[in-house]
Amino acid sequence: MRNLIGASLLACGLGVSGFAFAEPVKVGMITTLSGGGAGLGVDARDGFMLALKLAGAKDIEVVTEDDAMKPELAVQIADKMIQSDKVDILTGIIWSNLAMAVVPNAVAQGKFYLSVNAGPSPLAGAKCDKNYFNVAYQNDNFHEAAGNYAQAEGIKKMFILAPNYPAGTDSLNGFKRFYKGELVGEVYTKLGQTDYAAEIAQIRASGADSVFFFLPGGMGIAFMKQYAQSGVEIPVMGPGFSFSQDVLGAIGDAALGAKNTASWSPDLDNAKNKEFVAAFTGEYNRLPSIYAAQAFDTGSLIAAAAAKASVKDADAFRAALAAAEFDSVRGKFKFNTNHHPIQDFYVREVIKNGEGVLTNKIVATSFTDHQDAYVKDCKL
């Protein structure tokens, strides 16, 4: 499925003058629009396009294609976008195994890659690149914040689980980096798994005081539904992905009260976030997720950089990206030397809002101005 969208079409009728861009920019968005992970990619695409619309980004053209969660397909799409579509920038990948397949080759060809989500540890450390910017986080970060929260709460015994792929490994490493209690179980599940009966049986028998799980998209929905049906009463927590807006409706009331950690929340109190949440809800008739928020910031950053420098002048455009002079839905935003954010991380709780919709609210701060653990290995 191939969808060619000119941002100029989205900007029509806005009544805004937009930016005076240094030169037209062509963006290739490779994201997941089918299968069990489609909700994540749809939110990323919609958040990104909304940012361009609100910016009046009339000279930014976006070519969007579905990677179907397949690394080999993502590589083929990226090659076509670079060689045939002549894109200047690539973005959109949700899954870290796809990012590891695509990003090194893209930046080696002199293209910019801006991540809306995937943040595998090698790309933050030894394999960092001057043309690679992660606008979201490094994979460990949300999980580090959860580990820090579990440690601060004095939870003695934890059972932890995640899928067996780069982000899953990063997630549990991140949690363990800050949690110093006893691990009574550490399990890696199959990527895309839908039956968690065996893992739930292990949790039941583990003697854990709490469960930390990272199972994004349909995996998390399946786990939480089965967990609720199992009758196991051990409380669960997770990174924000485990209780993101894209899955809460499917999980239902079983998610109420669950704590999770993220760099963004719909109730984050700054003007840009309020504008974003209202605009996203009005445009798409649903509340935004973390994926939408991160992609919105990515689109906003590209628009701001394109207004300052020509994408054909790689050094100038890179400097404009690194300056990160845009209004972020997270409030303050800055890049570290490895082009990953230094940012705050919050503890959120799943609630029902005034309309009876499941969502998250901030209840605490886990980290302030937190940087990833791999920046020391980046030679930029």
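Before the details, a word on conventions. Residues are numbered from 1 along each chain as its sequence is written, and side-chain values use heavy atoms, with hydrogens and water left out. Because the model is predicted, local features need pLDDT of at least 70 and side-chain atom pairs count only at pLDDT 80 or more, while totals for chains, interfaces and linings use all residues.

A cavity here is a set of points, on a 1 Å grid over the protein atoms alone, where a 1.4 Å probe fits but cannot get out. Searching the whole structure gives 1 cavity of 30 Å³ or more. The lining, meaning residues with an atom within 4 Å of a point, holds 16 residues, and the closest to the centre are Asn117, Tyr137, Tyr165, Ala167 and Phe214.

The lining of the largest cavity has 11 nonpolar residues, 5 polar and no charged. Domain 1 (5–137 + 268–335) and domain 2 (141–262 + 345–377) each contribute at least three residues to that lining; the bounds come from an automatic or database domain assignment.

I turn now to the open space. A pocket is an open set of grid points with protein on both sides within 12 Å along at least five of seven lines. Helices (H or I, at least four residues) and strands (E, at least two) are DSSP runs numbered from the N terminus. The largest share, 3 residues, comes from H9. By class, the lining of the largest pocket has 13 nonpolar, 2 polar and 4 charged residues.

Two residues from these elements deserve a remark. Valine 236 is placed in strand S10 and counts as buried at 14% relative accessibility. The scale runs as follows: buried is under 20% relative accessible area, exposed is over 50%, and partly exposed lies in between, with a 1.4 Å probe and protein chains only. Methionine 224 is found in helix H9 and is also buried, with a relative accessible area of 2%.

Next, the aromatic residues. Rings of Phe, Tyr and Trp (its six-membered ring) pair if their centres lie within 6.5 Å; planes under 30 degrees apart are stacked, over 60 edge-to-face, and the rest tilted. The count comes to 23 aromatic pairs. One of them joins tryptophan 264 and phenylalanine 276 edge-to-face, at 6.1 Å centre to centre and 70° between the planes. Tryptophan 264 sits in the loop between strand S11 (259–262) and helix H11 (271–284), and phenylalanine 276 in helix H11, 12 residues apart. Tryptophan 264 is buried at 2% relative accessibility, and phenylalanine 276 is buried at 0%. Ring pairs also link Tyr137, Phe142, Phe214, Phe241, Tyr291 and Phe345 into a cluster.

Cysteine 128 is in the loop between helix H5 (121–124) and strand S6 (132–134), and cysteine 378 is in the segment after strand S14 (358–370), so the pair ties together parts 250 residues apart in sequence. The torsion about the S-S bond is about 90°, so the disulfide is right-handed. Both cysteine 128 and cysteine 378 are buried.

Finally, two backbone details. Alanine 68, in the loop between strand S3 (60–66) and helix H3 (71–83), has a positive phi near 55° although it is not a glycine. Alanine 68 is partly exposed, at 23% relative accessibility. Alanine 324 has a positive phi of about 50° and lies in the loop between helix H13 (314–323) and strand S12 (334–335). Alanine 324 is buried, with a relative accessible area of 7%.

Conventions:
Grid points are joined across faces, edges and corners, and a volume is the space filled by probe spheres set on the points. Ala, Val, Leu, Ile, Met, Phe, Trp, Tyr, Cys and Pro count as nonpolar, Asp, Glu, Lys and Arg as charged, and the others, Gly among them, as polar. A disulfide is a pair of cysteine sulfur atoms within 2.5 Å.
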